[in-house]
Amino acid sequence: MALPCTLAELVALHSADRIALAASGRAPLTFGALVRLTDRTVASLNAFGIGRNDRAAVVLPNGPEMAAAFLAVGAGATVAPLNPAYREDEFRFYLDDLSARALIVSEDESGPSVDAAARLGIPLLRLVCEEGEPAGSFSLFAEGAGAESASVKGYAGAADTALLLHTSGTTSRPKIVPLSQANVCASAAHIAETLRLEPADRGMNIMPLFHIHGLIANLLAPMHAGCSVYCTPGFDAFRVFEWFADAKPTWYSAVPTMHQAILARAGRNAGVVDALQLRFVRSSSASLPPQVMRALETLFRCPVIESYGMTEAAHQMASNPLPPAERRPGSVGVAAGPEIAIMDEMGHLLPAGKTGEVVIRGPNVMAAYENDPEANDSAFADGWFRTGDQGALDTAGYLTITGRLKEIINRGGEKISPREVDEALMDHPAVRQVVTFALPHKTLGEEVAAAIVLAEGAEASDSELRAFVGARLADFKVPRRIVFVDEIPKGATGKLQRIGLAGKLGLTP
């Protein structure tokens with residue numbers, strides 16, 4: 001059977017009575033019900049003037065309705081999920097930049113997204129959930145005058161745009177990443193194959209569903225494999241073990257900070273942990289310290305799989321394999337979907353063992369940024385997409401990431417990988433979490449600094465930690481400034497962010 005190339009094909013792959021979506025205290029939604037929901041939703045969108053490649057921005061809380069809306073709306077239009085925590089001016093920027101034809105919100109939503117849409121003249125579509133209906137069930141109702149009839153009705157084709165996301169825009173204006181139906185379905189297939197997902201598996205999603213990790217790894221990949229997804233309201237360290245007990249998952253995927261928060265509360269939830277029967281745990285979207293990997297494997301008695309992904313590749317690019325194949329702490333594994341190579345600054349591919357920029361090409365990789373020829377000129381070289389990450393492939397094809405090129409610390413011409421310093425500090429028993437970052441310096445340009453969260457009840461001085469790192473790394477890599485904090489600032493998806501951290505911590509003039 002041919003692999004699905006569209007979301008409509010993907011949700012229709014499986015037996016109608018199999019469970020697709022589940023949530024606490026709700027009846028589950030079957031694949032058959034999901035197909036019927038998709039049919040109704042595409043027909044409703046077309047009646048409201050929204051068709052193939054028309055942009056529908058979605059601002060919904062995490063949960064089964066957001067999951068179902070992505071699948072059903074994306075089957076006939078282009079979904080642009082936005083972070084519900086944005087302020088009105090942020091919503092206005094993104095809605096305008098996306099040329100949104102409609103904004104989908106909850107029935108009772110009256111916050112800044114609604115105000116932004118009103119100022120831009122964008123019609124609202126209210127998502128209504130009837131009490132007692134299965135998890136994820138909804139209907140759409142237009143508020144006010146609808147748009148003109150949809151130009152291209154029915155289900156989207158493989159080349160149509162399924163998903164629009166913005167890059168983080170940490171150092172420049174956010175770029176629009178258009179992912180086709182074929183892109184997202186290819187990535188879902190790659191992840192399902194890497195994780196050997198089967199219909200008997202149950203995933204638990206704690207990632208935000210406005211982020212590529214949550215949408216593709218935690219939702220589309222299990223949908224592709226025909227296994228169920230237990231949808232939570234979003235990550236909450238105080239409730240996650242409650243959800244573990246209710247969902248009884250066979251796997252979950254999260255960013256490293258979430259794994260670390262789970263580890264921190266595991267001792268208070270030993271009974272739940274003992275009852276769990278996880279087949280594996282997956283980590284992606286940021287580097288996983290080897291110390292955290294080992295602690296997770298000890299806690300959950302299963303392998304931890306670190307993967308490597310980014311928005312422009314519809315998430316997964318590389319992954320450590322499941323046993324009996326070798327998984328390597330500190331490596332993001334082998335190519336797991338697209339081709340991977342290492343390129344120098346002149347555009348030449350480098351042999352195994354050489355460090356350079358990680359480049360990719362394959363069916364899950366976007367064709368180009370939208371309306372940004374300058375970014376595309378610098379991002380593509382001879383058909384390869386430049387990821388902006390620095391790394392090296394060994395002779396067995398395992399990829400090691402040494403850092404984002406723009407995050408590499410340049411201390412008077414000496415280049416330092418923040419990740420290397422992170423891992424050295426994480427070996428100290430008093431350190432629970434660390435982010436190494438660049439601190440501006442008058443003469444050197446940049447100096448090495450680190451923000452550290454100590455383990456509960458632990459003590460350590462900055463001089464002690466510097467001496468600890470100095471015994472493991474060259475002197476120029478030792479942090480000259482160490483800041484102890486209760487919590488390290490994170491992005492909207494839970495990722496620790498190095499760029500701009502000095503300013504956020506008040507360390508710059």
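The side chains of Asp54 and Arg101 meet in a salt bridge, with 3.1 Å from N to O; the term denotes a side-chain nitrogen of Lys or Arg within 4 Å of a carboxyl oxygen of Asp or Glu. This pair links distant parts of the chain, 47 residues apart: Asp54 lies in the loop between α2 (31-47) and β3 (55-59), and Arg101 in the loop between α4 (88-98) and β5 (102-106). Helices (H or I, at least four residues) and strands (E, at least two) are DSSP runs, numbered from the N terminus. The model is a predicted one, in which local features need pLDDT of at least 70, side-chain atom pairs count only at pLDDT 80 or more, and totals for chains, interfaces and linings use all residues. Residues are numbered from 1 along each chain as its sequence is written, and side-chain values use heavy atoms, with hydrogens and water left out.

Asp54 counts as buried because its relative accessibility is 10%, whereas Arg101, at 30%, counts as partly exposed. Here buried means under 20% relative accessible area, exposed over 50%, and partly exposed in between (1.4 Å probe, protein chains only).

A second salt bridge joins Asp97 and Arg173, whose closest N and O atoms are 2.7 Å apart. Asp97 belongs to helix α4 and Arg173 to the loop between β8 (161-166) and β9 (176-180), so the contact ties together parts that are 76 residues apart in sequence. Asp97 is buried, with a relative accessible area of 18%, while Arg173 is exposed, with 53%.

Arg419 counts as buried at 8% relative accessibility, and Glu423 as partly exposed at 24%. The whole structure contains 25 salt bridges.

The description now turns to the sheet. Nine strands form an open sheet in the order β2-β1-β11-β10-β12-β13-β14-β15-β16, with mixed pairing; two strands pair if DSSP finds at least two bridges between them. Its edge strands, β2 (29-30) and β16 (334-335), each pair on one side only. Strand β12 (residues 251-254) is covered on both faces, with Trp251 and Ser253 buried on one side and Tyr252 and Ala254 buried on the other. Strand β10 (residues 202-205) runs parallel to β12 and is joined to it by three bridges, with Gly203 opposite Trp251.
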